[in-house]
Amino acid sequence: MSLSPPPAPAIPAAQMGATAQRAFMVRVYAHLLMAIAAFVGLEWFLFSSGIAESFLGLVQQTNWLLILGGFMVASWMAQRATASQSRGVQYAGLFGLVAAYSLIFTPMLAIAATSAPDGTITLAAGITLLGFVALSGIAITTAVDFSFMRSLLMWGGFAALGLIALGVFGVLNLGAWFSVAMIALAGGAVLYDTQKIYHHLPANREVGAAASLFGSIAMIFFYVLRLLSRR
């Protein structure tokens, strides 16, 4: 009985030439834009159908810090799914992440729309976009290797979950400083992920790459919006 040879190792797009690298990054950002469009569409549906109002009433009966914990858990689960070799599982992870974030964002968007100054949501989105573009440009053009940030991001995520748990039990008040720290953590993730995608990711992993970037963008937007909505 003959054994089939093991699959050839995936070659990073950066090692396939400049043309292949550019084509890969175009696919990554096309999937990212698709995920953002799906997020906006789901939020429009939730608010126009009245589901958002009902969901807000449900959330107001519990601790909002549980929403933040769910935010991080959903991101972790989607990252695991998009790391799969199966394209179907990768797409399921990406759009599962979009759906989970749509629900998680609903209470924050509803509060910002009704209680924060006019234009707060638009301002938060603009700040997020400018920050993402700037960080992506730095990650792609700089000679600095951001691989050292992997451990910092991992332990920073664990620390954030621990702080959220302390906040849930009333041990710690997570004020504006926590939002600033989470924005910095998400910004670091954009630097690390963008550089990893640009230089090291195989050319068939654009779905997982888009999911990583979408998760970081969503986290920046969430905490910028939370910061701007504080009274």
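**Surroundings of Val98 in the predicted model.** Val98 touches Ala35, Ala38, Phe39, Leu42 and Phe214, leaving aside residues up to four places away in sequence; contact means heavy atoms within 4.5 Å. The model is predicted, and local features need pLDDT of at least 70, side-chain atom pairs count only at pLDDT 80 or more, and totals for chains, interfaces and linings use all residues. Residues are numbered from 1 along each chain as its sequence is written, and side-chain values use heavy atoms, with hydrogens and water left out. Val98 lies in helix α4; helices (H or I, at least four residues) and strands (E, at least two) are DSSP runs, numbered from the N terminus. Val98 counts as buried because its relative accessibility is 1%; buried means under 20% relative accessible area, exposed over 50%, and partly exposed in between, with a 1.4 Å probe and protein chains only. Between Val98 and Leu42, which are 56 residues apart in sequence, the C-alpha to C-alpha distance is 8.6 Å.

**Leu42 in helix α1.** With a relative accessible area of 33%, Leu42 is partly exposed. Leu42 touches Val98, Ala99 and Ser102, not counting residues up to four places away in sequence. The C-alpha atoms of Leu42 and Ser102 are separated by 6.4 Å, and these two residues stand 60 residues apart along the chain.

**Packing of helices α1 and α4.** Two packed helices are described by the angle between their axes and the distance between the axes. The axes of α1 and α4 come within 9 Å and cross at roughly 45°. Axes are lines fitted to C-alpha atoms, for helices over the stretch in contact, and angles run from 0 to 180 degrees between N-to-C directions. The angle makes α1 oblique to α4; angles under 35 degrees count as roughly parallel, over 145 as roughly antiparallel, 65 to 115 as roughly perpendicular, and the rest as oblique. The crossing of α1 and α4 is right-handed, a term for a near helix turned clockwise from the far one by less than a right angle, while anticlockwise is left-handed. On the α1 side, the residues in contact include Ala35, Ala38, Phe39 and Leu42, and on the α4 side they include Val98, Ala99, Tyr101 and Ser102. By class, the residues of this contact divide into 17 nonpolar, three polar and one charged. Ala, Val, Leu, Ile, Met, Phe, Trp, Tyr, Cys and Pro count as nonpolar, Asp, Glu, Lys and Arg as charged, and the others, Gly among them, as polar.

**Packing of helices α1 and α7.** The axes of α1 and α7 cross at roughly 140° and come within 9 Å. α1 is therefore oblique to α7. Gln21, Phe24, Met25, Val28 and Tyr29 of α1 meet Thr194, Ile197 and Tyr198 of α7. The contact of α1 with α7 has six nonpolar, two polar and no charged residues.

**Packing of helices α5 and α8.** Helix α5 (residues 120-141) and helix α8 (residues 206-228) pack at an angle of about 135°, and their axes are 9 Å apart. α5 and α8 are therefore oblique to each other, and their crossing is right-handed. Among the residues that make the contact are Ile121, Ala124, Thr128 and Phe132 of α5 and Leu213, Ile217, Phe221 and Leu228 of α8. This contact of α5 with α8 has 13 nonpolar, two polar and no charged residues.

**Phe214 and the largest nonpolar core.** A nonpolar core is a set of buried Ala, Val, Leu, Ile, Met, Phe, Trp, Tyr and Cys residues joined through side-chain atoms within 4.5 Å. The largest nonpolar core has 51 residues, of which Tyr101, Phe105, Ile197 and Phe214 touch the most other members. Two or more residues of this core come from each of α1 (18-48), α4 (87-115), α5, α6 (149-168), α7 (176-200) and α8. α8 gives the most, with 15 residues. Phe214 touches Leu32, Ala35, Ile36, Phe39, Leu97, Val98 and Tyr101, again not counting residues up to four places away in sequence.

**Gly93 in helix α4.** Gly93 counts as buried because its relative accessibility is 6%. Gly93 and Gly208 are 8.2 Å apart in space, C-alpha to C-alpha, and 115 residues apart in sequence.

**The protein chain as a whole.** The protein chain has eight helices and zero strands. Of its 231 residues, 42% count as buried. Among contacts with a separation of 6 or more, 85% join residues 24 or more positions apart.
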